[in-house]
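Morning, everyone. Please take a look at the sequence and the model on the screen. I'll go through the fold, then the charges, then the surface patches.

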Amino acid sequence: MTEEKFEAIESKLAHQEALLFDLNDALAKQQESIMKLEELCEVLRMRVRSLSESLPGGGPQDERPPHY
């Protein structure tokens, strides 16, 4: 192989390594966002549950009447 081919291969490898690091950073940020959103969903789920329990009547409003 010639020196130019080695340089071309090294250049491509360097670009691929840089891209890999960038993708890894993006993936880590996405995972962090997902974890925050999951925590927020759980907090909202608990809040809705506690609000529905504190409604007058003490139960869900979508309950079927006894004659059904």
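One helix, zero strands: that is the secondary structure of this chain. Keep in mind that this is a predicted model. The helix, α1, covers residues 3-53.

How much of the chain is buried? Of its 68 residues, 1% count as buried. The cut-off for that is under 20% relative accessible area. The chain exposes about 6,900 Å². Carbon and sulfur atoms supply 60% of that area.

Next, salt bridges. How many are there? The count comes to two.

Take Lys36 and Glu32. Their side chains meet in a salt bridge, with N to O at 3.4 Å. The cut-off is 4 Å, so this pair qualifies. Where do the partners sit? Both are in helix α1, four residues apart. Because of that spacing, about one helical turn separates Lys36 from Glu32. Now their exposure. Lys36 has a relative accessible area of 53%, so Lys36 is exposed. Exposed means over 50% here. Glu32 has 44%, so Glu32 is partly exposed.

The other pair is Arg45 and Glu42. Here the salt bridge runs at 2.5 Å, again N to O between side chains. These two are three residues apart in helix α1, so the separation is about one helical turn. Arg45 is partly exposed, at 44% relative accessibility. Glu42 is partly exposed too, with a relative accessible area of 32%.

Now move to the start of the chain. Which residues make up the patch of negative charge on the surface? They are Glu3, Glu4, Glu7 and Glu10. Patch members have no salt bridge, and each has over 30% relative accessible area. Take Glu3 as the example. Glu3 lies in helix α1. Its relative accessibility is 55%, so Glu3 counts as exposed.

There is a nonpolar patch on the surface as well. Met1, Phe6 and Ile9 form that one. Together they have about 340 Å² of accessible area. Where is Met1? Met1 sits in the segment before α1. Is Met1 buried or exposed? Met1 is exposed, because its relative accessible area is 68%. And what does Met1 touch? Leaving out residues up to four places away in sequence, Met1 touches Phe6 and Ile9. Those contact partners are also its patch partners.

To recap. The chain has one helix and zero strands, and 1% of its residues count as buried. Lys36 bridges to Glu32, and Arg45 bridges to Glu42. On the surface, Glu3, Glu4, Glu7 and Glu10 gather in the negative patch. Met1, Phe6 and Ile9 form the nonpolar one. That's my part.

Methods
Residues numbered from 1 in each chain as written. Predicted model: local features only at pLDDT ≥ 70, side-chain atom pairs only at ≥ 80, totals over all residues. Heavy atoms only, no water. Buried < 20%, exposed > 50% of the residue type's maximum accessible area, 1.4 Å probe, protein only. Patch = residues over 30% accessible without salt bridge, like charges linked within 9 Å, V, L, I, M, F, W, Y side chains within 5 Å. Areas by Shrake-Rupley, 256 points an atom, 1.4 Å probe, with all protein chains shown as cover. Lys, Arg positive; Asp, Glu negative; His and termini not counted. Charge placed at Lys NZ, Arg CZ, Asp CG, Glu CD. Contact = heavy atoms within 4.5 Å.
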